[in-house]
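Colleague: I would like to learn how to read a helix and a core in a model such as this one. Could we begin where a helix stops?

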Amino acid sequence: MNHERDTLLALFDCEMREHARPDSPGVRVERTGGVVRQVGTDRDWNGVVWSAPDLDPARADAAIAAQVAHYTALGHDEFEWKLYAHDRPADLSERLLAAGFEAEQPETLLVAPVADLSTTVELPEGVRLRTVSDADDVELMARAHEQAFGSDSSRLRHQVLARLSEDPDGFVGVLAMAGDEPVSSARMELYPGTGFAGLWGGGTVHSWRGRGIYRALVAFRARIAAERGYGYLQVDASDQSSPILQRLGFQALSTTTPHVYRPSH
C-alpha cells in the first residue's frame, strides 16, 4: 500500500469503524470486549463493525463466542460480522466460519476525496433525478431496488422511512425517473462528526443499464456531499460497480466480506 492509501484506510478505520455512530434512528452502538457492534431491531442492520487490531487468536475466539451469545439472546434472526481484509488475527475469517458464520460475496472498500469527483450530472434523454421526500417516494425507491437487485426491499423501506421522519439531515435518497417509472435509486448516508459520507444502493433496472445513470447518481450525491462540507465518499462496491467507481476517481483501500450468523440455520 502507498502512504496515501495507508493514511486514508487508517482514517476510515478510526472514524467509521472504531468510533462508529448508529446508522439509523432507534439503534445503538456498543463497545465491549475488543469489538464495536450495532444493535437494533430485526429490521435494522445488526452486527460487528470493528475489532481491535491487537485481537490475538485466543481473544478472538472469546469475542466471537460473546457476540453469538449476545445476539442469540436478543432473538435476532441473523447478525453480521463485517470483516475487512486487513483485520486481525489473519485467520479471523476461518475462526468465524468455524463458529458457524457464513461468508457472503466480498466487496471492495472504495474511498474518494469529494473534491476529486465530478459533480456534473449527465442523463439519458427522458430521465430526471430527484430526491426522496415522502412515503410515496420510498415506495418508488423500493420498487426500483427490487427490480435492480432482485431482492426483497422491506428492510430498506423501514430504514428509509425512519430516516425521513427522524433524521432527515443525515440521509439523502435519490430517484431516477423516466416519466412516472423509477428506473434507478440510490442513497447517501451522512456521518456528522466525520469527514465521510457513504454511497449505498445505486441499482438500475436492467433495460436502462449502460446509459450513464449510475455515474449520474454518483455525481449528484457528490455535489450534495460537497455542499454539506464532507471531504470523502465511501462505497462498499460490488464487482459490477467497482470498475466504474475507480474510473471516476475512487481508490480501493481494502476488501470487506460480510460473515453472517443465522441461529436458526
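Modeller: Helix 2 is followed by G75, whose phi is positive, near 85°. Helices (H or I, at least four residues) and strands (E, at least two) are DSSP runs, numbered from the N terminus. This is a predicted model, in which local features need pLDDT of at least 70 and side-chain atom pairs count only at pLDDT 80 or more, while totals for chains, interfaces and linings use all residues. Residues are numbered from 1 along each chain as its sequence is written, and side-chain values use heavy atoms, with hydrogens and water left out.

Colleague: Which residues of helix 2 are buried?

Modeller: Buried means under 20% relative accessible area, exposed over 50%, partly exposed in between (1.4 Å probe, protein chains only). In helix 2 the buried residues are A60, A63, I64, Q67, V68, H70 and Y71. They lie on the same side of helix 2 because they cover an arc of only 165° around the axis, taken from the directions from the helix axis to the C-beta atoms. A58 and A73, on the other side, are exposed.

Colleague: And how do I read a nonpolar core?

Modeller: In soluble globular proteins, nonpolar side chains tend to be buried together. A nonpolar core is a set of buried Ala, Val, Leu, Ile, Met, Phe, Trp, Tyr and Cys residues joined through side-chain atoms within 4.5 Å. The largest here has 33 residues, of which M188, L233, L245 and F250 touch the most other members. Helix 6 gives the most to this core, with nine residues. Apart from it lies another core, of 16 residues, among them A60, F79, L83 and Y261.
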